[in-house]
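Open the model in your viewer and keep the sequence panel beside it. The tour goes stop by stop.

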Amino acid sequence: VPARPGNHGPVRPDHRCHFSHEDGSPCFIMGTTAYAWTYRPEEIRAQSLQSFSRYRFNKIRMLVFPKEYGDGKTVDASYDPPFFPYEGAPGAWDYTRFNPAFFQNYEARVNDLLQHDIQADVILFHPYDRKWLLPQGMTEVDDLHYTRYLVARLAAYRNVWWSLANEFDLFRAPQFREKNWDAIGECVAAADPYRHPISIHNWPFIPPYPNRPWMSHVSYQHPNTYSMLLHLRQTYGKPAINDEYQYEGTVPHGWGNCTPELEFRRHWAATMAGGYATHGEVLPVRGGIRDYFWAYGGTLQGQSAPRLAYMRQIVESLPFQSMAVNWLQTDGRDLYGLQQADNAFLFFIGPDYKDRHGVWIGSGRETPAQYNLIVHDIWNCVETERRTVGKGHTRLALPPWAAVTALKIR
(Lines give C-alpha, C1' and ligand atoms only; values in the text may rest on other atoms or scores of the structure.)
Protein backbone atom coordinates (compact mmCIF):
# COMPACT_ATOMS: atom_id res chain seq x y z
CA VAL A 1 0.00 0.00 0.00
CA PRO A 2 1.18 3.59 -0.45
CA ALA A 3 3.07 5.13 2.44
CA ARG A 4 1.13 7.50 4.64
CA PRO A 5 1.96 11.22 4.33
CA GLY A 6 5.21 11.99 6.14
CA ASN A 7 6.46 8.39 5.99
CA HIS A 8 9.68 8.44 3.95
CA GLY A 9 10.64 4.88 4.84
CA PRO A 10 13.71 3.42 6.56
CA VAL A 11 17.06 5.23 6.54
CA ARG A 12 19.85 3.84 4.34
CA PRO A 13 23.46 4.81 3.65
CA ASP A 14 23.46 6.87 0.46
CA HIS A 15 25.76 9.08 -1.63
CA ARG A 16 28.67 7.00 -0.28
CA CYS A 17 29.05 8.81 3.06
CA HIS A 18 25.54 10.09 3.83
CA PHE A 19 22.05 8.85 4.68
CA SER A 20 18.73 8.98 2.84
CA HIS A 21 15.28 7.56 3.40
CA GLU A 22 13.94 4.72 1.27
CA ASP A 23 12.12 7.24 -0.96
CA GLY A 24 15.38 9.10 -1.65
CA SER A 25 14.76 12.10 0.60
CA PRO A 26 17.94 13.15 2.46
CA CYS A 27 18.27 12.47 6.19
CA PHE A 28 20.63 14.64 8.23
CA ILE A 29 21.36 12.56 11.33
CA MET A 30 21.70 14.52 14.57
CA GLY A 31 21.61 12.27 17.60
CA THR A 32 21.57 12.40 21.35
CA THR A 33 22.06 9.87 24.14
CA ALA A 34 19.57 8.50 26.67
CA TYR A 35 20.81 5.02 27.47
CA ALA A 36 18.19 3.90 30.01
CA TRP A 37 15.17 6.09 29.20
CA THR A 38 13.24 3.08 27.95
CA TYR A 39 12.33 1.73 31.41
CA ARG A 40 11.97 4.95 33.40
CA PRO A 41 8.49 5.92 34.71
CA GLU A 42 5.92 7.05 32.16
CA GLU A 43 6.20 10.72 33.18
CA ILE A 44 9.96 10.69 32.57
CA ARG A 45 9.54 8.94 29.23
CA ALA A 46 7.07 11.63 28.12
CA GLN A 47 9.55 14.34 29.13
CA SER A 48 12.28 12.55 27.18
CA LEU A 49 10.21 12.41 24.00
CA GLN A 50 9.39 16.09 24.39
CA SER A 51 13.09 16.96 24.72
CA PHE A 52 14.08 14.81 21.73
CA SER A 53 11.53 16.54 19.52
CA ARG A 54 11.95 20.06 20.87
CA TYR A 55 15.65 20.10 19.99
CA ARG A 56 15.19 18.19 16.72
CA PHE A 57 17.26 15.14 17.63
CA ASN A 58 16.40 12.35 15.21
CA LYS A 59 18.54 9.44 16.47
CA ILE A 60 18.60 8.20 20.08
CA ARG A 61 21.36 5.90 21.34
CA MET A 62 19.63 3.51 23.77
CA LEU A 63 20.71 0.31 25.50
CA VAL A 64 18.68 -2.88 25.54
CA PHE A 65 20.05 -4.38 28.76
CA PRO A 66 19.60 -2.29 31.95
CA LYS A 67 22.35 0.17 32.88
CA GLU A 68 24.09 0.18 36.26
CA TYR A 69 27.03 2.54 36.25
CA GLY A 70 28.96 4.83 38.55
CA ASP A 71 31.06 4.97 41.67
CA GLY A 72 28.27 6.12 44.00
CA LYS A 73 30.24 9.28 44.77
CA THR A 74 30.26 11.31 41.56
CA VAL A 75 27.90 9.38 39.27
CA ASP A 76 25.08 6.95 40.09
CA ALA A 77 23.06 5.43 37.27
CA SER A 78 21.51 2.31 38.79
CA TYR A 79 17.78 2.43 38.08
CA ASP A 80 16.01 -0.85 38.80
CA PRO A 81 13.92 -1.82 35.78
CA PRO A 82 10.40 -3.15 36.34
CA PHE A 83 11.29 -6.24 34.26
CA PHE A 84 14.44 -8.05 33.23
CA PRO A 85 15.14 -9.56 29.79
CA TYR A 86 15.44 -13.13 31.07
CA GLU A 87 13.86 -15.47 33.54
CA GLY A 88 15.96 -16.09 36.63
CA ALA A 89 18.00 -13.81 38.88
CA PRO A 90 21.42 -12.07 38.93
CA GLY A 91 24.11 -14.69 38.60
CA ALA A 92 21.54 -17.31 37.57
CA TRP A 93 19.84 -15.94 34.45
CA ASP A 94 18.33 -18.52 32.14
CA TYR A 95 19.59 -17.27 28.79
CA THR A 96 17.27 -19.69 26.97
CA ARG A 97 14.09 -18.09 28.40
CA PHE A 98 13.23 -14.53 27.43
CA ASN A 99 10.87 -12.42 29.53
CA PRO A 100 8.30 -11.09 27.03
CA ALA A 101 7.25 -8.18 29.29
CA PHE A 102 10.74 -6.66 29.09
CA PHE A 103 10.81 -6.76 25.30
CA GLN A 104 7.19 -5.57 24.99
CA ASN A 105 8.18 -2.46 26.92
CA TYR A 106 11.25 -1.93 24.73
CA GLU A 107 9.16 -2.34 21.57
CA ALA A 108 6.74 0.27 22.88
CA ARG A 109 9.61 2.76 23.28
CA VAL A 110 10.79 2.10 19.73
CA ASN A 111 7.24 2.76 18.59
CA ASP A 112 7.13 5.99 20.64
CA LEU A 113 10.17 7.21 18.74
CA LEU A 114 8.61 6.12 15.45
CA GLN A 115 5.60 8.33 16.13
CA HIS A 116 8.02 11.27 16.53
CA ASP A 117 9.98 10.34 13.36
CA ILE A 118 13.10 9.52 15.40
CA GLN A 119 15.58 6.70 14.73
CA ALA A 120 16.13 4.21 17.57
CA ASP A 121 19.83 3.30 17.71
CA VAL A 122 19.44 -0.03 19.52
CA ILE A 123 22.60 -1.08 21.42
CA LEU A 124 22.59 -4.86 21.82
CA PHE A 125 25.37 -5.29 24.41
CA HIS A 126 27.13 -3.07 26.95
CA PRO A 127 29.72 -3.70 29.71
CA TYR A 128 28.48 -1.38 32.48
CA ASP A 129 26.47 -3.68 34.76
CA ARG A 130 27.96 -4.88 38.04
CA LYS A 131 24.61 -5.20 39.81
CA TRP A 132 22.42 -7.49 37.70
CA LEU A 133 25.30 -9.28 35.94
CA LEU A 134 23.93 -8.84 32.42
CA PRO A 135 25.28 -9.99 29.96
CA GLN A 136 27.90 -11.82 32.05
CA GLY A 137 27.89 -15.57 31.54
CA MET A 138 26.44 -15.46 28.02
CA THR A 139 28.05 -17.93 25.62
CA GLU A 140 28.33 -17.36 21.87
CA VAL A 141 25.24 -19.56 21.45
CA ASP A 142 23.39 -17.28 23.90
CA ASP A 143 24.62 -14.17 22.07
CA LEU A 144 23.27 -15.35 18.73
CA HIS A 145 20.01 -16.64 20.23
CA TYR A 146 19.40 -13.22 21.79
CA THR A 147 20.44 -11.41 18.60
CA ARG A 148 18.03 -13.38 16.42
CA TYR A 149 15.22 -12.85 18.92
CA LEU A 150 15.78 -9.08 19.14
CA VAL A 151 15.97 -8.68 15.37
CA ALA A 152 12.80 -10.73 14.94
CA ARG A 153 10.96 -8.45 17.38
CA LEU A 154 12.21 -5.08 16.13
CA ALA A 155 13.18 -5.31 12.46
CA ALA A 156 9.69 -4.49 11.22
CA TYR A 157 9.95 -0.99 12.71
CA ARG A 158 11.28 1.30 10.00
CA ASN A 159 13.14 3.53 12.51
CA VAL A 160 15.47 0.85 13.93
CA TRP A 161 19.29 0.96 13.73
CA TRP A 162 21.55 -1.75 15.19
CA SER A 163 24.63 -1.01 17.28
CA LEU A 164 26.28 -4.28 18.29
CA ALA A 165 27.85 -2.82 21.42
CA ASN A 166 28.78 0.25 23.36
CA GLU A 167 32.57 0.25 23.85
CA PHE A 168 33.00 -3.28 22.51
CA ASP A 169 36.65 -3.25 23.58
CA LEU A 170 35.72 -3.33 27.27
CA PHE A 171 34.41 -6.87 26.89
CA ARG A 172 38.05 -7.89 27.20
CA ALA A 173 37.77 -7.27 30.96
CA PRO A 174 38.14 -10.41 33.13
CA GLN A 175 34.45 -10.60 34.11
CA PHE A 176 33.39 -10.98 30.46
CA ARG A 177 33.94 -13.46 27.70
CA GLU A 178 35.27 -11.54 24.70
CA LYS A 179 32.54 -11.71 22.09
CA ASN A 180 32.69 -12.74 18.45
CA TRP A 181 31.50 -9.42 17.02
CA ASP A 182 31.80 -10.59 13.44
CA ALA A 183 29.48 -13.51 14.15
CA ILE A 184 26.98 -11.16 15.83
CA GLY A 185 27.18 -8.61 13.00
CA GLU A 186 26.72 -11.31 10.37
CA CYS A 187 23.80 -12.70 12.37
CA VAL A 188 22.06 -9.30 12.46
CA ALA A 189 22.61 -8.77 8.72
CA ALA A 190 21.29 -12.25 7.89
CA ALA A 191 18.27 -12.04 10.19
CA ASP A 192 17.14 -8.51 9.25
CA PRO A 193 15.19 -8.63 5.96
CA TYR A 194 14.97 -4.81 5.81
CA ARG A 195 18.71 -3.98 5.89
CA HIS A 196 18.62 -1.49 8.75
CA PRO A 197 21.92 0.33 9.46
CA ILE A 198 24.47 -1.65 11.51
CA SER A 199 27.50 -0.37 13.43
CA ILE A 200 29.64 -1.05 16.50
CA HIS A 201 30.99 1.54 18.96
CA ASN A 202 34.57 1.66 20.30
CA TRP A 203 36.27 2.84 23.46
CA PRO A 204 38.19 6.06 22.62
CA PHE A 205 41.66 4.59 23.30
CA ILE A 206 41.13 1.72 20.87
CA PRO A 207 40.75 2.13 17.07
CA PRO A 208 37.27 1.82 15.58
CA TYR A 209 36.25 -1.67 14.54
CA PRO A 210 37.82 -2.78 11.22
CA ASN A 211 35.72 -2.40 8.08
CA ARG A 212 33.37 -5.32 7.51
CA PRO A 213 30.70 -6.13 4.89
CA TRP A 214 27.99 -6.23 7.58
CA MET A 215 28.90 -2.71 8.76
CA SER A 216 26.78 -0.03 7.07
CA HIS A 217 28.53 2.95 8.69
CA VAL A 218 31.34 3.80 11.10
CA SER A 219 30.37 4.60 14.69
CA TYR A 220 33.28 5.95 16.68
CA GLN A 221 34.01 7.66 19.98
CA HIS A 222 36.71 10.34 20.21
CA PRO A 223 36.99 14.07 21.01
CA ASN A 224 38.53 14.58 17.53
CA THR A 225 35.41 15.30 15.52
CA TYR A 226 37.02 16.81 12.42
CA SER A 227 40.26 15.33 11.06
CA MET A 228 39.57 11.85 12.44
CA LEU A 229 36.10 11.88 10.92
CA LEU A 230 37.56 12.93 7.56
CA HIS A 231 40.07 10.09 7.83
CA LEU A 232 37.39 7.49 8.64
CA ARG A 233 35.15 8.59 5.77
CA GLN A 234 38.04 8.22 3.36
CA THR A 235 39.33 4.95 4.83
CA TYR A 236 36.01 3.13 5.13
CA GLY A 237 34.14 4.72 2.21
CA LYS A 238 31.03 4.77 4.40
CA PRO A 239 29.12 7.33 6.48
CA ALA A 240 30.88 8.17 9.74
CA ILE A 241 29.19 9.23 12.99
CA ASN A 242 31.11 10.40 16.04
CA ASP A 243 28.62 8.86 18.46
CA GLU A 244 30.37 10.13 21.57
CA TYR A 245 32.67 13.15 21.50
CA GLN A 246 32.22 13.63 25.29
CA TYR A 247 29.19 15.23 26.89
CA GLU A 248 28.13 18.66 28.05
CA GLY A 249 28.15 18.37 31.82
CA THR A 250 29.66 19.00 35.21
CA VAL A 251 30.83 15.57 36.37
CA PRO A 252 34.53 15.30 37.35
CA HIS A 253 35.33 12.95 34.48
CA GLY A 254 36.69 13.78 31.05
CA TRP A 255 33.81 12.05 29.30
CA GLY A 256 31.21 14.32 30.91
CA ASN A 257 32.56 17.81 31.60
CA CYS A 258 32.44 19.66 28.27
CA THR A 259 31.39 23.28 28.41
CA PRO A 260 28.40 24.17 26.23
CA GLU A 261 30.78 25.96 23.86
CA LEU A 262 33.02 22.91 23.48
CA GLU A 263 30.08 20.55 22.93
CA PHE A 264 28.67 22.94 20.34
CA ARG A 265 32.00 23.40 18.55
CA ARG A 266 32.74 19.66 18.37
CA HIS A 267 29.35 18.91 16.84
CA TRP A 268 29.75 21.68 14.27
CA ALA A 269 33.24 20.39 13.41
CA ALA A 270 31.84 16.92 12.66
CA THR A 271 29.26 18.50 10.37
CA MET A 272 31.94 20.53 8.59
CA ALA A 273 33.83 17.30 7.92
CA GLY A 274 30.77 16.14 6.00
CA GLY A 275 29.85 13.74 8.78
CA TYR A 276 27.51 13.30 11.70
CA ALA A 277 27.63 13.31 15.50
CA THR A 278 25.72 12.44 18.66
CA HIS A 279 25.23 14.89 21.52
CA GLY A 280 24.94 14.01 25.19
CA GLU A 281 24.26 15.78 28.50
CA VAL A 282 25.29 14.93 32.07
CA LEU A 283 23.78 17.79 34.02
CA PRO A 284 21.86 16.48 37.05
CA VAL A 285 18.11 16.85 36.69
CA ARG A 286 17.52 17.58 40.38
CA GLY A 287 21.03 18.12 41.69
CA GLY A 288 23.11 15.41 43.32
CA ILE A 289 24.76 12.62 41.34
CA ARG A 290 21.72 10.89 39.78
CA ASP A 291 19.28 11.37 36.94
CA TYR A 292 21.60 12.65 34.23
CA PHE A 293 19.86 12.85 30.86
CA TRP A 294 22.61 10.71 29.25
CA ALA A 295 21.17 7.70 31.13
CA TYR A 296 17.90 8.73 32.72
CA GLY A 297 16.24 10.82 30.03
CA GLY A 298 13.83 13.46 31.29
CA THR A 299 14.26 17.11 30.34
CA LEU A 300 17.33 18.49 28.58
CA GLN A 301 18.56 21.64 30.29
CA GLY A 302 21.98 22.31 28.73
CA GLN A 303 22.91 25.17 26.45
CA SER A 304 24.16 23.17 23.45
CA ALA A 305 20.93 21.37 22.52
CA PRO A 306 18.91 24.42 21.32
CA ARG A 307 21.90 25.68 19.34
CA LEU A 308 22.31 22.31 17.66
CA ALA A 309 18.65 22.44 16.62
CA TYR A 310 19.45 25.72 14.86
CA MET A 311 22.49 24.10 13.24
CA ARG A 312 20.31 21.35 11.79
CA GLN A 313 17.95 23.98 10.37
CA ILE A 314 20.87 25.66 8.58
CA VAL A 315 22.34 22.43 7.21
CA GLU A 316 18.99 21.20 5.91
CA SER A 317 18.64 24.40 3.86
CA LEU A 318 21.68 23.28 1.82
CA PRO A 319 22.56 20.38 -0.53
CA PHE A 320 24.64 18.86 2.28
CA GLN A 321 25.00 15.40 0.72
CA SER A 322 26.80 16.78 -2.34
CA MET A 323 29.05 19.27 -0.50
CA ALA A 324 32.78 18.68 -0.09
CA VAL A 325 35.35 20.24 2.21
CA ASN A 326 36.50 23.66 1.02
CA TRP A 327 40.24 23.44 1.74
CA LEU A 328 41.39 26.54 -0.14
CA GLN A 329 39.49 29.24 1.74
CA THR A 330 39.56 27.79 5.27
CA ASP A 331 42.04 26.83 7.98
CA GLY A 332 40.39 23.72 9.47
CA ARG A 333 40.71 25.13 12.97
CA ASP A 334 38.74 28.35 13.42
CA LEU A 335 37.28 28.66 9.92
CA TYR A 336 35.72 25.58 8.30
CA GLY A 337 34.04 25.36 4.92
CA LEU A 338 31.93 23.09 2.74
CA GLN A 339 30.92 23.73 -0.87
CA GLN A 340 29.02 22.17 -3.74
CA ALA A 341 31.06 23.12 -6.80
CA ASP A 342 30.41 26.84 -7.35
CA ASN A 343 26.76 26.61 -6.33
CA ALA A 344 26.53 26.41 -2.53
CA PHE A 345 28.81 27.36 0.37
CA LEU A 346 28.75 26.91 4.12
CA PHE A 347 31.28 28.44 6.51
CA PHE A 348 31.56 27.89 10.26
CA ILE A 349 33.56 30.57 12.05
CA GLY A 350 34.57 30.24 15.69
CA PRO A 351 35.31 33.11 18.10
CA ASP A 352 39.10 32.68 17.75
CA TYR A 353 39.21 33.26 14.00
CA LYS A 354 41.55 36.22 13.55
CA ASP A 355 40.47 37.64 10.14
CA ARG A 356 36.91 38.55 10.97
CA HIS A 357 36.29 40.97 8.14
CA GLY A 358 34.48 38.53 5.81
CA VAL A 359 34.68 35.36 3.69
CA TRP A 360 35.46 34.47 0.10
CA ILE A 361 32.47 33.30 -1.95
CA GLY A 362 32.98 31.38 -5.19
CA SER A 363 35.77 29.16 -6.40
CA GLY A 364 36.63 30.84 -9.72
CA ARG A 365 36.69 34.32 -11.23
CA GLU A 366 36.06 33.57 -14.89
CA THR A 367 32.23 33.24 -14.66
CA PRO A 368 30.21 35.93 -12.87
CA ALA A 369 27.65 34.67 -10.37
CA GLN A 370 25.24 36.00 -7.80
CA TYR A 371 24.47 34.41 -4.43
CA ASN A 372 21.87 34.69 -1.71
CA LEU A 373 24.06 35.11 1.37
CA ILE A 374 22.95 34.77 5.00
CA VAL A 375 25.00 35.42 8.12
CA HIS A 376 23.82 33.45 11.16
CA ASP A 377 24.64 34.20 14.77
CA ILE A 378 24.65 30.52 15.70
CA TRP A 379 25.05 31.09 19.43
CA ASN A 380 21.95 33.29 19.68
CA CYS A 381 20.19 31.35 16.87
CA VAL A 382 19.29 34.36 14.70
CA GLU A 383 20.10 35.74 11.26
CA THR A 384 22.12 38.95 11.40
CA GLU A 385 22.44 39.73 7.69
CA ARG A 386 20.87 38.65 4.39
CA ARG A 387 21.81 40.07 1.00
CA THR A 388 22.81 39.30 -2.60
CA VAL A 389 26.55 39.19 -3.32
CA GLY A 390 28.85 38.37 -6.21
CA LYS A 391 31.97 36.23 -6.36
CA GLY A 392 35.05 37.17 -4.43
CA HIS A 393 35.74 38.52 -0.98
CA THR A 394 32.61 39.70 0.80
CA ARG A 395 32.98 42.02 3.75
CA LEU A 396 30.72 41.00 6.62
CA ALA A 397 30.11 41.87 10.24
CA LEU A 398 30.61 38.46 11.82
CA PRO A 399 29.28 37.61 15.29
CA PRO A 400 31.65 35.62 17.57
CA TRP A 401 30.03 32.31 16.60
CA ALA A 402 28.98 32.55 12.96
CA ALA A 403 27.76 30.46 10.08
CA VAL A 404 27.60 31.90 6.57
CA THR A 405 25.57 30.28 3.80
CA ALA A 406 25.59 31.28 0.15
CA LEU A 407 23.37 29.75 -2.55
CA LYS A 408 23.86 30.59 -6.22
CA ILE A 409 20.88 32.28 -7.86
CA ARG A 410 22.32 32.89 -11.38
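Is phenylalanine 52 buried or exposed? Select phenylalanine 52: its relative accessibility is 0%, so it counts as buried (under 20% relative accessible area; exposed is over 50%, partly exposed in between, with a 1.4 Å probe and protein chains only).

Before moving on, note that this is a predicted model: local features need pLDDT of at least 70, side-chain atom pairs count only at pLDDT 80 or more, and totals for chains, interfaces and linings use all residues. Residues are numbered from 1 along each chain as its sequence is written, and side-chain values use heavy atoms, with hydrogens and water left out.

**Aromatic pairs**

The structure holds 42 aromatic pairs. Rings of Phe, Tyr and Trp (its six-membered ring) pair if their centres lie within 6.5 Å; planes under 30 degrees apart are stacked, over 60 edge-to-face, the rest tilted.

Select phenylalanine 28 and tyrosine 276. Their ring centres are 5.5 Å apart and their planes at 50°, so this pair is tilted. Phenylalanine 28 lies in the loop between strands S2 (18-21) and S3 (30-33), and tyrosine 276 in strand S15 (residues 276-278), so the pair ties together parts 248 residues apart in sequence. Helices (H or I, at least four residues) and strands (E, at least two) are DSSP runs, numbered from the N terminus. Both phenylalanine 28 and tyrosine 276 are buried.

The centres are 5.5 Å apart and the planes at 90°, so the pair is edge-to-face. Tryptophan 37 is buried too, with a relative accessible area of 0%.

**Charges over rings**

Select lysine 67. It lies over the face of tyrosine 69, 4.9 Å from the ring centre. The test is NZ of Lys or CZ of Arg within 6 Å of the ring centre and within 35 degrees of the ring normal.

Now go to arginine 307. Its charged end sits over the ring of tryptophan 379, 3.7 Å from the centre.

**Helix H8**

Arginine 307 is one of the buried residues in H8. Select residues 304-315 to see the whole helix. Of its 12 residues, 10 are buried.

**The sheet**

Colour the 6 strands of the open sheet, in the order S17-S18-S19-S24-S21-S22. The pairing is antiparallel; strands pair if DSSP finds at least two bridges between them. The edge strands are S17 (324-325) and S22 (382-390), each pairing on one side only. Finish at S17: 2 bridges join it to S18 (residues 335-340). Alanine 324 stands opposite glutamine 339 in S18.

Methods:
The expected span of a helix is 1.5 Å times one less than its number of residues.
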